[in-house]
Amino acid sequence: LFTVDIPVKPHQTLLITATFLIVVGILDDLHELSARWRFALQILASLLLIFFGKTFLHQLGNLFSFGKIYLYYLAYPITVFSVVGFINAINM
């Protein structure tokens, strides 16, 4: 067994979400899930990360030198879009 001297609690949601995505990947390899199902499960994984991990994009920083751009009500949809895009970019 491997032992690590870092606490797992702060990273628990990330580890659970990553495990969920690994299981989805294995199920996709075994049963050829449709793109619609994979997309829905990726959205679910990003929502788990947002709501249980309290992780979301609240601002875009100083984008295009306009000053800080705050997302307000668009924070959750843009975070879901970004996470799903990242998952698919890594998967390619």
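**Figure 1. Helix 2 is followed by K54, whose phi is positive, near 50°.** The model is predicted: local features require pLDDT of at least 70 and side-chain atom pairs pLDDT 80 or more, whereas totals for chains, interfaces and linings use all residues. Residues are numbered from 1 along each chain as its sequence is written, and side-chain values use heavy atoms, with hydrogens and water left out. K54 is not a glycine and lies in the loop between helix 2 and strand 1; helices (H or I, at least four residues) and strands (E, at least two) are DSSP runs numbered from the N terminus. Most residues other than glycine have a negative phi. K54 is exposed, at a relative accessible area of 66% (buried is under 20%, exposed over 50%, and partly exposed in between, with a 1.4 Å probe and protein chains only).

**Figure 2. Y72 also has a positive phi, near 50°.** This residue, likewise other than glycine, is located in the loop between strand 2 (68–70) and helix 3. Y72 counts as exposed, with 64% relative accessibility.

**Figure 3. Helix 2 spans residues 35–53 and carries a set of buried residues.** Its 19 residues reach 26 Å from the first C-alpha to the last, close to the 27 Å expected at 1.5 Å a residue (the expected span is 1.5 Å times one less than the number of residues). The buried residues of helix 2 are L41, Q42, A45, S46, L49 and I50. An α-helix has 3.6 residues a turn, so residues three or four places apart point the same way. Cover for the buried residues includes helix 1 (12–31) and helix 3 (75–91), where contact means heavy atoms within 4.5 Å.

**Figure 4. A nonpolar surface patch is formed by L47, F51, F52, F56 and Y76.** Together these residues have about 510 Å² of accessible area, computed by the Shrake-Rupley method with a 1.4 Å probe, only the protein chains shown counting as cover for residues. Patch residues have over 30% relative accessible area and no salt bridge; nonpolar side chains (Val, Leu, Ile, Met, Phe, Trp, Tyr) are joined within 5 Å, and like charges within 9 Å. A salt bridge is a side-chain nitrogen of Lys or Arg within 4 Å of a carboxyl oxygen of Asp or Glu. Helix 2 gives the most to the patch, with three residues. F56 lies in the loop between helix 2 and strand 1 (59–62) and is partly exposed, with a relative accessible area of 34%.

**Figure 5. L27 lies in helix 1.** L27 is partly exposed, at 38% relative accessibility. Apart from neighbours within four places in sequence, L27 is in contact with E32 and L33. L27 and R38 are eleven residues apart in sequence and 9.8 Å apart in space, C-alpha to C-alpha.
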